[in-house]
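Please look at the sequence and the structure below before reading on. The paragraphs that follow go through the model one part at a time.

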Amino acid sequence: MRLKIAVIGLASMALFYCQPNEKLSSGKEIYKKYCVSCHGIDGKLLTNGALDLSLSRISLDERKKIITHGRVNMVGFENVLSSAQIDSVATFTQTLIIDQGE
Ligand code: HEC
């Protein structure tokens, strides 16, 4: 009984600690598939009037909204990606930000 609890505890701990990385790696895959055509792998491509994601300072919530519903020339992804996927890719876009030392 005690062993079972220990195993479950360890497994859920492992799951908890692995999550952020999994989120980013799947976010990166989603980004490569759906976003690079306009934004480029580093966020700086600017195709179709796309904004430079390496300079973007908007919040995670704003990112999720724009990715979900789209804005101006950017298509929304609400019918393409699940909200969990949108969450992952929005989190991933924050890794593209280049610190300007402000
Ligand atoms: C068809 C081209 C296109 C694709 C594909 C595209 N975007 Fe965009 N994206 C744009 C354009 C254009 C804008 C600027 C919208 C505006 O002017 O308000 C933008 C803006 C954004 C912004 C807001 C940046 C800011 O600072 O306001 C984010 C975040 C973003 N895109 C993320 C993504 C993600 C993540 C994906 C893939 C799921 C994606 N985009 C796919 C064209 C695209």
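Predicted model: local features only at pLDDT ≥ 70, side-chain atom pairs only at ≥ 80, totals over all residues.

**A walk through the model**

I66 touches I58, R71 and M74, if residues up to four places away in sequence are not counted. I66 is found in helix α3. With a relative accessible area of 17%, I66 is buried, because buried means under 20% relative accessible area. From C-alpha to C-alpha, I66 and A90 are 9.4 Å apart in space, while 24 residues separate them in sequence.

One of the residues touched by I66 is I58. I58 has its place in the loop between α2 and α3. Its relative accessible area is 29%, so I58 is partly exposed. Apart from neighbours within four places in sequence, I58 is in contact with R63 and I66. The C-alpha atoms of I58 and Q94 are separated by 9.2 Å, and these two residues are 36 residues apart along the chain.

The ligand is surrounded by 22 residues, and the closest are C35, C38, H39, R71 and M74. R71 has a polar side-chain atom that lies 2.5 Å from an oxygen atom of the ligand. For S56, a polar side-chain atom lies 2.6 Å from an oxygen atom of the ligand. In the side chain of H39, an N or O atom is 2.8 Å from a nitrogen atom of the ligand.

Which residues are the protein donors of the iron atom of the ligand? They are H39, through NE2, and M74, through SD, and they lie 2.0 to 2.1 Å from the iron atom. Around the iron atom of the ligand there are 6 donor atoms, and the arrangement is octahedral because the angles they subtend are 84 to 180°. H39 lies in helix α2, residues 36-39, and M74 lies in the loop between α3 (60-69) and α4 (83-93), so the pair ties together parts that are 35 residues apart in sequence. H39 has 10% relative accessibility and therefore counts as buried. M74 has 26% relative accessibility and so counts as partly exposed.

The next topic is the nonpolar interior. Nonpolar side chains tend to be buried together in soluble globular proteins. In this model the largest nonpolar core has 12 residues in all: I30, Y31, C35, L53, I67, F77, L81, I86, V89, A90, F92 and L96. Helices α1 (2-34) and α4 each supply at least two residues of this core. The largest share, 4 residues, comes from α4. Y31 is one of the core residues. Not counting residues up to four places away in sequence, Y31 touches V36, H39, G40, I41, G43, L53, V89, F92, T93 and L96. H39, listed among these contacts, is also a donor of the iron atom.

How many residues of α4 are buried? The number is 8 of 11, and the helix is mostly covered. The buried residues of α4 are I86, D87, S88, V89, A90, T91, F92 and T93. D87 has a relative accessible area of 18%, so D87 is buried. With neighbours within four places in sequence left aside, D87 is in contact with K23 and K64.

The last stop is the loop between α2 and α3, where S54 lies. Is S54 buried or exposed? S54 counts as buried because its relative accessibility is 0%. Its side chain makes a polar contact with the side chain of D52 at 2.7 Å, and another with the side chain of K44 at 3.4 Å. Leaving aside neighbours within four places in sequence, S54 is in contact with D42, G43, K44, L96, I97 and I98. L96 is also listed in the largest nonpolar core.

Two further residues of this loop are L46 and N48. Most residues other than glycine have a negative phi. L46, which is not a glycine, has a positive phi near 65°. N48 is not a glycine either, and its phi is positive at about 55°. L46 has 44% relative accessibility, so L46 counts as partly exposed.

How values were computed:
Residues numbered from 1 in each chain as written. Heavy atoms only, no water. Donors = N, O, S within 2.8 Å, 3.2 Å for Na, K, Ca; no water. Tetrahedral: all angles 85-135°; square planar, octahedral: opposite > 155°, others 65-115°. Buried < 20%, exposed > 50% of the residue type's maximum accessible area, 1.4 Å probe, protein only. Core = buried A, V, L, I, M, F, W, Y, C linked by side-chain atoms within 4.5 Å. Contact = heavy atoms within 4.5 Å. Near = heavy atom within 4 Å. Polar contact = N/O pair within 3.5 Å; in protein donor to acceptor, adjacent residues only side chain to side chain.
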